Amino acid sequence: MHTESNRTMKALVYEGPNRIAWKDHPRPRLQEPTDAIVRITATSICGTDLHILHGDVPAVDAGRVLGHEGVGIVEEVGAMVTDVHVGDRVVISVITSCGRCSACKRQMPSHCRHGGWLLGNSIDGTQAEFVRVPFADNGLHVLPPGVPDESAVMLSCALPTGYECGVCSGNVQPGKSVAIIGAGPVGLATLLAAQLFSPAEIFLVDHDDNRLETGRLLGATQIVNNSKGDGAERIRAMTEGMGVDVAIEVVGLSETFDICQSVVAAGGHLANVGVHAGAVSLRLGQLWAANVTLTTRLVDGTSTAMLLKLLENRKLAATELISHRFAMPEILVAYETFGRAAEHRTLKVVVRAGEEGDLV
Ligand SMILES: [Zn+2]
Ligand SMILES: [Zn+2]
């Protein structure tokens, strides 16, 4: 059945710190009866992929296919897969989950004993022509015809992260004031998701004017350029010294975490979304005295089906998060563009299966 040509594929392979290549790689095969093989039609690059590329995620071995965001067509399913079928168009969740362990049963699949963040981390990922998705019934969501690939791929990671770790953990409510620190793709996804709950004010803080302007168009009521380091002070001034009900950290630095500590109001929530490589200075005495709730969370993907409903009914402007589009053979250019975001005015990049030269 198998000819030599269909045993290999092209994939973006991590070859060690600061080295990636678009090259031939063995095509994935079903390993478990709960697996599916998906032919990727669109993928995207996450900030986490850049951390891996720079060697900051030592668990990722050389030879690994990167990527945990993707949309595609189901090519093959194992004998125990019941809810997705060959030919279905699907979005792949960043989180793999068995659905049966104690973490899964507590609605915390990010800590699934047999899953969690595996794709593009401990198993081969989505930046390839084909990917093997374990526990396919849980990790894949069948797409309705009206949802384009490029908006669906925002459901793999960026939108559920903003919604679950920022908006839900931060308890955004109608009429509340929110500050989002960081206007990168996940910060902007958080901005979109926050508006599902009609907060009265949303302050968006960054040092990049282009990203802030995009944020203004996407619904931020105040944009705050923090390049002089006075962002917290200005938010306090704009809120008559009270601060905001919800402060959401979407960068992962001690400095940006500190802005959240400075602006969160009494009784407020501080939701940390950013991935912190180092320690932060926690002003616990101040937060305690102000009844502040501090939350941390990995994305679970438990909101993906709901967010897909919103996309289907055009209630979420997911494509606004996309700044660049590339064809798969140009994926190294896509990485370069994503890696130098300020220079290229990059938000999310979408990489589609297809030929070179149809760059939009
Ligand atoms: Zn991601
Ligand atoms: Zn599980």
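In this predicted model, the site of the zinc ion (ligand 2) is tetrahedral, with angles of 103 to 117 degrees among its four donor atoms; four donors are classed as tetrahedral if all angles lie between 85 and 135 degrees. The protein donors are the SG atoms of Cys98, Cys101, Cys104 and Cys112, at 2.3 to 2.4 Å from the ion, donors being N, O and S atoms within 2.8 Å of the metal (3.2 Å for Na, K and Ca), with water not among the atoms, so sites may look incomplete. Along the sequence, these donor residues follow the spacing C-x2-C-x2-C-x7-C. Cys101 and Cys104 are both buried, where buried denotes a relative accessible area under 20%, exposed over 50%, and partly exposed the range in between (1.4 Å probe, protein chains only).

The zinc ion (ligand 1) is coordinated at 2.1 to 2.3 Å by Cys46 (SG), His68 (NE2), Glu69 (OE) and Cys157 (SG). Its site is likewise tetrahedral, the angles among the four donor atoms being 101 to 121 degrees. The donors of this ion are spaced C-x21-H-E-x87-C along the chain, and both His68 and Glu69 are buried.

Helix α5 spans residues 158-168; helices (H or I, at least four residues) and strands (E, at least two) are DSSP runs numbered from the N terminus. Ten of the eleven residues of α5 are buried, so the helix is largely enclosed by the rest of the structure. Among these buried residues are Ala158, Leu159, Gly162, Tyr163 and Cys165. The buried residues of α5 pack against α6, β11, β12, α11 (304-312) and β15 (348-352), contact being defined by heavy atoms within 4.5 Å.

Because Tyr163 lies in α5 and Phe197 in the loop between α6 (185-194) and β9, the pair ties together parts that are 34 residues apart in sequence. Tyr163 is buried at 12% relative accessibility, whereas Phe197 is partly exposed at 26%.

Val250 is located in the loop between β11 (244-249) and α9 (254-263) and is buried, with a relative accessible area of 14%. The C-alpha atoms of Val250 and Gly162 are 8.6 Å apart, although the two residues are 88 residues apart in sequence. Beyond residues up to four places away in sequence, Val250 touches Ile180, Ile181, Gly182, Val186, Gly187, Thr190, Val273 and Gly274.

Strands β9 (residues 201-206) and β10 (residues 222-225) pair in the parallel sense over four bridges, pairing requiring that DSSP find at least two bridges between two strands. Val205 has Val224 of β10 as its bridge partner. Together with helix α7 (residues 209-217), β9 and β10 make a right-handed β-α-β unit; a crossover is right-handed if, with the strands pointing away from the viewer, the path from the first strand over the helix to the second runs clockwise. Strands β12 (residues 264-272) and β13 (residues 293-296) also run parallel and are joined by four bridges, with Thr293 of β13 as the bridge partner of His269. A right-handed β-α-β unit is made by β12, helix α10 (residues 284-289) and β13.

Residues are numbered from 1 along each chain as its sequence is written, while chains are lettered from A and ligands numbered from 1 in the order in which they are written. Local features need pLDDT of at least 70 and side-chain atom pairs count only at pLDDT 80 or more, whereas totals for chains, interfaces and linings use all residues; side-chain values use heavy atoms, with hydrogens and water left out.

Conventions:
Tetrahedral: all angles 85-135°; square planar, octahedral: opposite > 155°, others 65-115°.
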